[in-house]
Amino acid sequence: MAAMDFDEFRGRTESIDKLTAAGDDRALAAELESLAAEDLPDLDRVRVLLQLSQAYERIKDSAAALKTLDRAAVIENRLSRFQASFRKADYLSRLGRHDECRDILKALLERPEATLSERHSFASRLKLLRRVAK
């Protein structure tokens, strides 16, 4: 499979934007899955997967949303990034799965490449979870 060029990528993302605006999350999910399967640069694929996880969340498919966040996290881990893991922690918290959320945040807090600001965000979320547990 040949790498997608910018013009094709822009055209596909414009179609995705129209589906998003129309609120057609099932069609959006199908289009995002298709785009994620293309030969994209890693961070573009992550962005697509993050959008896809949100579409799955809106259609109440938490298993697919979490699996998609995991797919994005695998890519990001190779690049010492962790937006997908942080979003997964957030989503797990919204689902009431606080122990899993807490585990992810603790692991993120240990990451040496995390900035001070990011570490503060992780620690703040952990503090909020301690209040929820009481």
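Buried means under 20% relative accessible area, exposed over 50%, and partly exposed in between (1.4 Å probe, protein chains only). The model is predicted: local features need pLDDT of at least 70, side-chain atom pairs count only at pLDDT 80 or more, and totals for chains, interfaces and linings use all residues. Residues are numbered from 1 along each chain as its sequence is written, and side-chain values use heavy atoms, with hydrogens and water left out.

**Exercise 1.** Determine whether phenylalanine 86 and phenylalanine 122 are buried or exposed, and classify their ring pair.

*Solution.* 
- Step 1. Phenylalanine 86 and phenylalanine 122 are buried.
- Step 2. Rings of Phe, Tyr and Trp (its six-membered ring) pair if their centres lie within 6.5 Å; planes under 30 degrees apart are stacked, over 60 edge-to-face, the rest tilted.
- Step 3. The ring centres of phenylalanine 86 and phenylalanine 122 are 5.4 Å apart and the planes stand at 55°, so this pair is tilted.

**Exercise 2.** Work out how α4 and α5 are oriented to each other.

*Solution.* 
- Step 1. Helix α4 (residues 62–78) packs on helix α5 (residues 83–94) at about 155°, axes 7 Å apart.
- Step 2. Angles under 35 degrees are roughly parallel, over 145 roughly antiparallel, 65 to 115 roughly perpendicular, the rest oblique.
- Step 3. The two helices, α4 and α5, are therefore roughly antiparallel.

Methods
Axes fitted to C-alpha atoms, helices over the stretch in contact; angles between N-to-C directions. Helix = DSSP H or I, 4+ residues; strand = E, 2+ residues; numbered from the N terminus.
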